[in-house]
Amino acid sequence: MSLIRSRRVPVPPPLENDATADVGLWQYMRPIRAKWLLGVLVAISSTSVALSIPQVLAWVIDHLVGSDSPSRRQVLLGGTIMIALGLLQSGLMFLRRMLIIDTSTTVEMTMRMRLFDQLMRLPLSFHDAWGSGQLLTRSTSDLALIRRWVSFGSVQAITSGAALCVGIFYLSHGSGLLALIFLASVPVTLVVLWRFQKKMKALTRKSQQQSGDLATKVEESVQGIRVLKALGQGSNALDRFKTGAAELMDTEMARSRAQGSTFVATSTITAITLAISLWVGLRQVASGSLSVGELTAFFATIALLSPHVERASQLMGMWLDARVAVDRHREVMSTPAGENIVLVNGATVPAVSSGEAASLAFEHATFAYEDAAAPVLSDISLDVRPGEILALVGPTGSGKSTLLQLLPRLYELDSGSIFLDEQDIAQMDLPELRSAMSIAFEEPVLFSSSVRDNVLLGVNRERMSEAEQEQILRDALRVSSSDFAAQLPEGVDTLIGEEGLSLSGGQRQRLSLARAIAAHPRILLLDDPLSALDVRTEEAVVSMLKEHLRHTTTLLTAHRPSTVALADRVALLENGKITAIGTHQQMMRNPSYARLMMLDEQKGEVA
């Protein structure tokens, strides 16, 4: 499916509380509460009708079968009532399913969309700390558990409670003693279920956590399959997966044993209750205090109530699954996002600004990663003129890439300010800010789509004609020296596979660069975008970039002297501080800068 032209699904309207609130399942059900409650009422009515059938059966036995000469009219009446009740129950069951299934899928879709919306808003620090497998299970399997509870478990639990109330009423109406025997078994069953709930809750949480960890292992292994194969570590990866899978299996087996033992216990209690009731009931029939029809109705009613009691452990297990899933969902949703990047209610993200080149100014900017011992950038002050190409040079870990990521506010400053055209970016709406710039990372990220869709990802194609789109695509591919795209099996419409792994590292970098260029931003951020290119290709790209970037303010990080030569000025970063700034020729007089350039040039010659 095209990344650009996929069908738009509207983001559900905001909840009563914002995303940082304690969002619960009942709030998500707000749009469909009336329909769900109607489905519950229909389910209770269906169960009540089913429990009424034994009472009709008692009347048939006592007044028709027991009669010496029942009339034809009486027989037809009894049969008609039984058939009518059966048809009514079937119709109500069908109506219940039609009411509940639609509402449950709506809740699942709403929760999934809100979760994805939240993930898009959360800062990178959140994603840095979370495994992708954990987020994946929270957006798929966890929500499936919630849907199953909404569509079946919750309705069945309420229906079972109502069935017990209606059933006890009918039982007491027939024989108070037999009803007391049944009621005496209820506290024992509740004790068994209480013990089951305590044990099952911990196992359920553990199971879902292990499932997320296992999904992370699978995703990392698939993404890194080339590394694993090249280093001969496939068997070790398999062993790690086996260990995780075995731990999950042990937890699931423990859950199954707990649920099975509880089912056996509740079934045994029911069987003993039935045995005692049969012995007492037969004695009452023999003494004449209870009719055969009433005894038959009692056991028919018990036969309908027993499944509700026996499946209590299953329903409790479903409830715990859903409860833990909601808690895990809440962990993500209750994280303060603070990034308004997803617009709703018909609004659209503004088109990438293609106006004049912007000016940038850093004033005492300081930033440290969470839990870091020291700031990665400290007291950065720097002015970048409109249309200027500024190169950031420094040893590994000096903060070059971090500085670029502060501009689109992928991370937020700890102190200080950054100004875009004299406007503090901290006061700008993120869609507006990010529409003014584009970025190409050193490690390119491509999507499972065509070359065309990947390059035009940052372009508002809805506002352009096909001819305009084609022109932008051709220019971006030409400037980034991505002529290889035309040689692919289907040209620019070739699907490049997940993360573009069917392409070489240099090809992926060039497509990432083309994507940043195609947006025609006022500010272009290039994080060592040519590191995977050979010298000849790099020379071609540099010469075309120099011409193309005349009306764009550009910040780039670089190691090779040939890439640095693209810049008008160079800033040297050391230990998170700018220690020198000037043209490349001026900076070559700086011993630290000259040493870096010579080392990188030697690396290039060796390569």
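The structure is a predicted model.

**Helices α6 and α11**

Helix α6 spans residues 141–174, and α11 spans 312–333. The two pack at an angle of about 140°, and their axes lie 8 Å apart. They are therefore oblique to each other. The crossing of α6 past α11 is left-handed.

Which residues in α6 meet α11? They are D142, L143, L145, I146, R148, W149, F152, G153, Q156, A157 and S160. On the α11 side, the partners are L315, M318, W319, D321, A322, A325, V326, R328 and H329. By class, this contact has 12 nonpolar, four polar and four charged residues.

**Helices α15 and α16**

Further along the chain comes another pair. Helix α15 covers residues 466–479, and helix α16 covers residues 505–518. Their axes come within 8 Å and cross at roughly 130°. That angle makes α15 oblique to α16. Their crossing is right-handed.

From α15, the contact draws on I472, A476, L477 and V479. From α16, it draws on L511, A514, I517 and A518. By class, the contact has eight nonpolar residues, with no polar and no charged ones.

The table sets out the two pairs.

| Helix pair | Crossing angle | Axes |
|---|---|---|
| α6 and α11 | about 140° | 8 Å apart |
| α15 and α16 | roughly 130° | within 8 Å |

**The second largest pocket**

Next comes an open space. The second largest pocket has a volume of about 420 Å³. Its lining counts 25 residues. Nearest its centre lie L164, L193, H308, V309 and A312.

Which elements give two or more residues to this lining? They are α6, α7 (176–223), α9 (234–287), α10 (292–310) and α11. The most comes from α7, with seven residues. By class, the lining has 16 nonpolar and nine polar residues, and no charged ones.

**The cavity**

How many cavities of 30 Å³ or more does a search of the whole structure find? The search finds one. The largest cavity holds about 30 Å³ of space. Its lining is made up of L526, P529, L530, L545, L556, T563 and L566. Six of these lining residues are nonpolar, one is polar and none is charged.

**In brief**

The contact of α6 with α11 has four of them.

Terms used: Residues are numbered from 1 along each chain as its sequence is written. This is a predicted model: local features need pLDDT of at least 70, side-chain atom pairs count only at pLDDT 80 or more; totals for chains, interfaces and linings use all residues. Side-chain values use heavy atoms; hydrogens and water are left out. Axes are lines fitted to C-alpha atoms, for helices over the stretch in contact, and angles run from 0 to 180 degrees between N-to-C directions. Helices (H or I, at least four residues) and strands (E, at least two) are DSSP runs, numbered from the N terminus. Angles under 35 degrees count as roughly parallel, over 145 as roughly antiparallel, 65 to 115 as roughly perpendicular and the rest as oblique. A crossing is left-handed if the near helix is turned anticlockwise from the far one by less than a right angle, and right-handed if clockwise. Contact means heavy atoms within 4.5 Å. Ala, Val, Leu, Ile, Met, Phe, Trp, Tyr, Cys and Pro count as nonpolar, Asp, Glu, Lys and Arg as charged, and the others, Gly among them, as polar. On a 1 Å grid over the protein atoms alone, a cavity is a set of points where a 1.4 Å probe fits but cannot get out, and a pocket is an open set with protein on both sides within 12 Å along at least five of seven lines; lining residues have an atom within 4 Å of a point. Grid points are joined across faces, edges and corners, and a volume is the space filled by probe spheres set on the points.
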